[in-house]
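Please read them alongside the coordinates.

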Amino acid sequence: MSDTAIEVNQVSRSFGAKVAVNQVTLQVRRGECFGLIGPNGAGKTTFFSMLCGFLKPTSGTVRVLGADPRVPGALKGKLGVLPQDAALPGGLSVGRLLTYWASLSGLAPADRHAREAVEKVGLMDAWNVDARSLSHGMAKRIGLAQAFMGGAAVVLLDEPTAGLDPRSAAHVRSLIREVKAHATVVVSSHNLQELEELCDSAAILDRGRLAQAGTLAELTARSAEFRVELLGPAPLAQVQALEGVTGASMAGQQLVVLFDSRRRAPEEMITATLELLIRQGVKILGVTRGKKLEERVLELT
Amino acid sequence: MEGIREIGVIWQGELRRALRSPRTLVLVLLYCFFAALVLIAVSFMVSSATSTLNTNLGGQGVPEEGQAQVALEAKAALLKWLFGDDVNLVEALSRIPVVIPLVFKITLFFLPAYAALMGFDQISGEIEPRSIRYLAVRARRSSILFGKFAAQATVLVSLILLVDTLIFATARVLNPEFEFSLLLPTLLRFWVAAFVFSTAYVALTSLCSALFSLPAVSLIFNLIALFGLWMLDAVGGWIASWARLQGQEEPFLANLRWLSPTAYSNALLHPEFGVFGRGLVAYVLFSAVFLAAGYLVLRRRDV
């Protein structure tokens with residue numbers, strides 16, 4: 001069995017003259033939680049829709065668990081999807097709708113799977129409510145319930161917490177953490193803090209192109225940079241003189257230290273810097289490793 | 001096998017949705033009212049025309065046997081006007097109360113438009129709000145199309161069978177001489193004809209619904225397609241009749257009518273098995289072509 005869950009090779013998708021996704025190549029390893037990041041119009045949802053087989057690539061290939069998602073039945077029961085902006089169909093209660101979908105996915109007994117999924121998202125009260133009459137937040141949670149139903153090997157979530165109140169969003173994040181223990185998860189989101197919290201790796205898309213992809217540590221330069229929030233000025237020259245430091249500067253109240261992790265391990269580098277600052281009587285408010293993902297995204301897009 | 005199971009699950013789910021849909025209920029009621037109205041009006045007209053004819057003929061001193069003969073000839077002329085020149089068909093239909101073929105023909109004429117109104121958004125209505133994505137990730141697109149088609153066809157065919165039964169029951173009440181030995185096989189034949197006829201038009205509706213992502217556009221296109229098919233039959237039929245009247249051979253353009261399912265509807269009521277079989281095959285082929293085209297469109301399209 002291959003170590004790769006998703007393999008995308010030179011994929012492009014155009015809508016008329018507009019190129020929404022342009023020559024993107026990336027891989028997602030099995031068991032990984034992978035983030036899709038980018039500003040509005042970056043092509044995230046188009047890319048996501050090609051992974052699900054909803055859209056056909058103009059060129060290039062997409063393989064999910066080794067199969068082309070456009071091939072009929074190739075990923076049946078292996079893929080859980082929360083599509084963005086897909087309305088729940090009306091005419092059926094939440095319970096009947098999820099039982100219908102569970103049955104269609106080949107889950108038996110369908111009713112039990114549907115109940116477990118609805119219980120998981122805490123919406124048993126809505127079991128007999130018509131799916132069309134749910135509020136946006138409740139519909140989103142039912143959308144998540146159907147994506148998680150049956151324990152698919154790959155779960156694709158497009159904006160899973162958009163429009164949710166903070167408590168519901170936190171609940172959804174904890175559900176994603178549970179799911180990622182036994183599945184490959186791809187999350188597309190604008191909420192970078194959320195992705196930083198959940199994901200092992202990510203790809204940053206900008207105007208349809210892949211700006212950068214890698215582990216979160218690579219993207220945020222966690223092994224080559226740290227920041228110390230200070231009260232007052234920092235002794236920059238002395239910090240720069242420390243072994244392994246390749247650069248030091250002030251950004252507002254933050255001391256930004258760049259270092260070569262091959263010469264000195266990050267924990268040693270941080271400890272040495274803090275010891276120096278304490279010796280110099282500098283007041284320290286906090287330490288963060290790497291850049292904020294948000295800063296990295298802003299740099300790249 | 002998995003594909004067939006999927007079709008079954010989608011058929012069940014969509015049938016449940018259709019039966020809970022206010023639109024379906026309203027349309028079913030409307031069709032029942034329409035059929036009942038046509039039935040009452042036609043029964044009244046037939047009864048008053050027969051009575052007026054008998055009174056006039058009686059006044060002219062025509063004996064009862066003569067009156068019955070004239071009534072039979074009038075009935076045959078009416079059936080010939082409605083169902084064409086086929087002597088065997090007209091003769092077979094003459095044996096049953098005239099209200100049956102009359103009401104059947106009128107209700108069947110409006111059936112394609114009714115099928116369009118009921119099912120125009122079966123696919124497009126799910127593409128526009130993207131709810132089809134929840135199905136597309138679980139089932140083959142062929143299963144989605146055939147499952148939804150089967151659900152629509154079930155609702156429509158059940159309704160038609162019910163209406164046909166109502167027509168036959170009324171005819172039996174109005175004509176006690178219409179014996180069960182003739183009624184039952186005729187009802188079965190009309191059921192088969194209605195089933196085959198309506199299935200082809202539900203398939204056309206499925207194709208139109210798969211073609212567009214906006215339900216309103218699907219409906220408009222469906223109605224245009226129905227009008228186009230009706231025109232093909234009408235124009236082709238008119239050219240053929242005109243050529244016959246002139247004693248000429250049918251020109252090639254007269255064959256246009258065979259591109260429309262409507263052209264085969266009379267064959268479905270024909271007493272000869274060969275003619276009926278040709279009609280049946282034609283409708284099955286139309287259904288297959290419409291569904292295959294719908295599948296190709298849905299298979300290739302983005303959802």
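1. Two residues are taken to be in contact if their C-beta atoms, placed from the backbone, lie within 7 Å. On that basis, among contacts in chain B between residues at least 6 apart in sequence, 73% join residues at least 24 apart.

2. This is a predicted model, in which local features need pLDDT of at least 70 and side-chain atom pairs count only at pLDDT 80 or more, while totals for chains, interfaces and linings use all residues. Residues are numbered from 1 along each chain as its sequence is written, and chains are lettered from A and ligands numbered from 1 in the order in which they are written.

3. Chain B has eleven helices and zero strands (DSSP runs numbered from the N terminus: helices are H or I, at least four residues; strands are E, at least two). Its C-alpha atoms fill a box of roughly 75 × 45 × 35 Å along the principal axes.

4. Of the 303 residues in chain B, 40% are buried (20 or more other C-beta atoms within 10 Å of the residue's own; exposed means 12 or fewer, partly exposed in between; C-beta atoms are placed from the backbone).

5. In helix 2 of chain B, the buried residues include B:Tyr31, B:Ala35, B:Val38, B:Leu39 and B:Ser43. Helix 5 (99–119) and helix 8 (141–174) of chain B are among the elements covering the buried residues of helix 2. After helix 2 comes B:Gly61, with a positive phi near 80°.

6. B:Leu232 lies in helix 10 (residues 215–245) of chain B. B:Leu232 counts as partly exposed because it has 19 C-beta neighbours inside 10 Å. Leaving aside residues up to four places away in sequence, B:Leu232 touches B:Leu256, B:Arg257, B:Leu259 and B:Ser260.
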